[in-house]
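This briefing covers the nonpolar core and the strand pairing. Look over the sequence and the model before reading on.

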Amino acid sequence: MDTLTNDWLVKLRRDLVDNFKPELLGRSRTIFNFEFDNENPIKLIVQDKNFYLDEGRHSNPTITIYVTSHRTLRDLLTGSVDGMSAFMQGKYKADSNIVLSQLLLYLFRP
């Protein structure tokens, strides 16, 4: 996917919502910025018991995560790709809080 569309974000949210486990984060608000090699950035805001996906960057994220593509992010969040494998292949890395980046991998898994 080269171009991010609102429809893609709506579909991704729909794919994730049934397995959402905000209690895993242990905080009321967490902001993830996702940066990609050649695609538009995405932000994920987890607020209490809800989450929002939107195009762009948040000015004060809790953590920034680097992922090779939108498809890889979707696969990581849905659990169809193993986070450790993606990390070892250079497809996924975080700029700080490694624990939080690992919790993200379980936030939406069934």
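Which residue in S4 does Phe32 stand opposite? Phe32 faces Ile63 in strand S4. Helices (H or I, at least four residues) and strands (E, at least two) are DSSP runs, numbered from the N terminus.

This is a predicted model, in which local features need pLDDT of at least 70 and side-chain atom pairs count only at pLDDT 80 or more, while totals for chains, interfaces and linings use all residues. Residues are numbered from 1 along each chain as its sequence is written, and side-chain values use heavy atoms, with hydrogens and water left out.

**Nonpolar core**

- A nonpolar core is a set of buried Ala, Val, Leu, Ile, Met, Phe, Trp, Tyr and Cys residues joined through side-chain atoms within 4.5 Å.
- Buried means under 20% relative accessible area (1.4 Å probe, protein chains only).
- The largest such core has 27 residues, and Phe32, Phe34 and Leu44 have the most contacts inside it.
- Elements giving two or more residues to this core include helix H1 (6–17), strand S1 (29–36) and strand S2 (42–47).
- H1 supplies the largest share of this core, 4 residues.
- Beyond its neighbours within four places in sequence, Leu44 is in contact (heavy atoms within 4.5 Å) with residues including Phe32, Phe34 and Phe108.

**Strand S1 and its partners**

- Two strands pair if DSSP finds at least two bridges between them.
- S1 and S2 pair in the antiparallel sense over 6 bridges, and Arg29 stands opposite Gln47 in S2.
- These two strands, S1 and S2, form a hairpin with 5 residues between them.
- S1 and S4 run parallel, joined by 5 bridges.
- S1 is largely enclosed by the rest of the structure, because 7 of its 8 residues are buried.

Technical notes: Buried means under 20% relative accessible area, exposed over 50%, partly exposed in between (1.4 Å probe, protein chains only).
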